[in-house]
Amino acid sequence: MTSPSNTPEAGEPGPNGSSVAGRYYGRSIPYLPIDDYPGKLIAVEGTDGVGRSTQIQLLREWLEVRGYGVIETGWTRSPLMQPTIELAKSSNTLNKLTFVLLYATDFADRLEKEIIPALKAGFIVLSDRYIFTALARAGVRGVDRQWLRNLYGFAIAPHMVFYLNIDVKTLIGRVLESRGMDFWESGMDLKHGDDIYDSFRTYQNKVLKEYASMGDEFHFRVVDARRSVDRIQDELRRQVAAFLEPVEKAPEPLLSVVKG
Amino acid sequence: MTFSLLHATDFADRLLYKIIPPLKAGMIVLADRYAYTAFARDATRGVDRQWVRELYSFAVRPDLALYFRVPIDVSVDRLMARRVKLKFYEAGMDLGWSTNPVESFRMFQGKVLDEYDHLVDEFGMDVVDARGSITEQQRTVRTLIAPFVQSRRADVAVGEITNDESV
């Protein structure tokens, strides 16, 4: 596990290197050609229990107050696939391939029915997790990395990817304080042992390594998630504001208190 | 895309539970449809051809792939003779090419057959003329399969030939 690195300077519109933000990463969906859609796709990534949902909720309120249309989309939340995925997880027959493919189906459904239409209509799409979650989880389970990247070639490169970075020790405390450790988030399917605590630590360590290894490739904006909710939110807002309204001068300190 | 990915998920499940274990045990697996179906069908639905091939790169390449070729008219006649209603997706109704199921089937499956013709060359499939009688077709099939089965008998004990259920 690498230590949480410094956050990048705010104010960069962040063209995503070789992949163009707002376009397909790889082989496109031929029947859904993408033009210069006005919407923006912002992904918030990070491992289980790191605090993504809280940050997204705050970000959403703030954006809406500023007059932006916002929709949220989240991993395994497609109406088509959510029941199937829950059902499949509850049985013990999932293998690493079917696991990956069910996630990909869910993602494809949300991409076609939520994300692309929203971008077309000029919304800001806040994505709670993105394909990097799939790449990290499958990577830990030994699925071929090139195959995964080809598979997710139909994904759209986000305009911004925030990676909420945390160390396992802090993560464990946070997860235990909230809802406890769950079977999949502890990687119990990998059979590191019967002890859920040990398994969680081993598994999350591997997941964090996978995320870290993707940082450069996918232009993660690394955010130190060990800090307070407000501090993290301030940083997200500063970067989002700089991206959405680059002509404005740097906004004043955005907030200190937002909890409500 | 979701149609394609759901089928791939189903395929992956059957590959790992129903196809690979019997192959490891030295059995013969008969697959009623294989990845080629997806290549033809998904391409017709407008999914990127190369993407589908990469998606299925985890599939085991069959020792022998038979393609039962039939003209679209024969196919339609056979189906209509024994079934009143064509299935929604089988007729490609989701594509909205025609509101008439039979017409839609003809258009959709016609394009699927075109795709198969490309697959025959690309993957070296053996073509069986499916216009003939069942007996004729079965003779052709047995002739094609014989070399594989015989070569196996040389090194495998007799009586191990087992059919897997449809795939």
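Student: Is B:Ala12 buried or exposed?
Tutor: This is a predicted model, in which local features need pLDDT of at least 70 and side-chain atom pairs count only at pLDDT 80 or more, while totals for chains, interfaces and linings use all residues. Residues are numbered from 1 along each chain as its sequence is written, and chains are lettered from A and ligands numbered from 1 in the order in which they are written. A residue is buried if 20 or more other C-beta atoms, placed from the backbone, lie within 10 Å of its own, exposed if 12 or fewer, and partly exposed in between. Because B:Ala12 has 22 C-beta neighbours inside 10 Å, it counts as buried.

Student: Which residues does B:Ala12 touch, not counting residues up to four places away in sequence?
Tutor: Two residues are in contact if their C-beta atoms, placed from the backbone, lie within 7 Å. The C-alpha atoms of B:Ala12 and B:Phe58 are separated by 8.2 Å, although the two residues are 46 residues apart along the chain. With residues up to four places away in sequence left out, B:Ala12 touches B:Phe58, A:Leu97, A:Thr98 and A:Leu101.

Student: Which helix gives the most to the side of chain B that touches chain A?
Tutor: In total, 17 residues of chain B are in contact with 21 residues of chain A. Helices here are DSSP runs (H or I, at least four residues), numbered from the N terminus, and H1 (2-24) and H3 (49-55) of chain B each supply at least two residues of this side. The helix that gives the most, with eight residues, is H1(B), and B:Ala12 has its place in this helix, H1 of chain B.

Student: What is the handedness of the crossing of H4(B) and H5(B)?
Tutor: Helix H4 (residues 72-82) and helix H5 (residues 101-123) of chain B pack at an angle of about 135 degrees, with their axes 10 Å apart. A crossing is left-handed if the near helix is turned anticlockwise from the far one by less than a right angle, and right-handed if clockwise. The crossing of H4(B) and H5(B) is right-handed.

Student: Over which residues of chain B does pLDDT stay under 50?
Tutor: pLDDT is the predictor's confidence in each residue, from 0 to 100, and its mean for chain B is 87, with 89% of the residues reaching 70 or more. Where pLDDT is low, the predicted coordinates should not be read in detail. In chain B, pLDDT stays under 50 over residues 156-167.

Key. Axes are lines fitted to C-alpha atoms, for helices over the stretch in contact, and angles run from 0 to 180 degrees between N-to-C directions.
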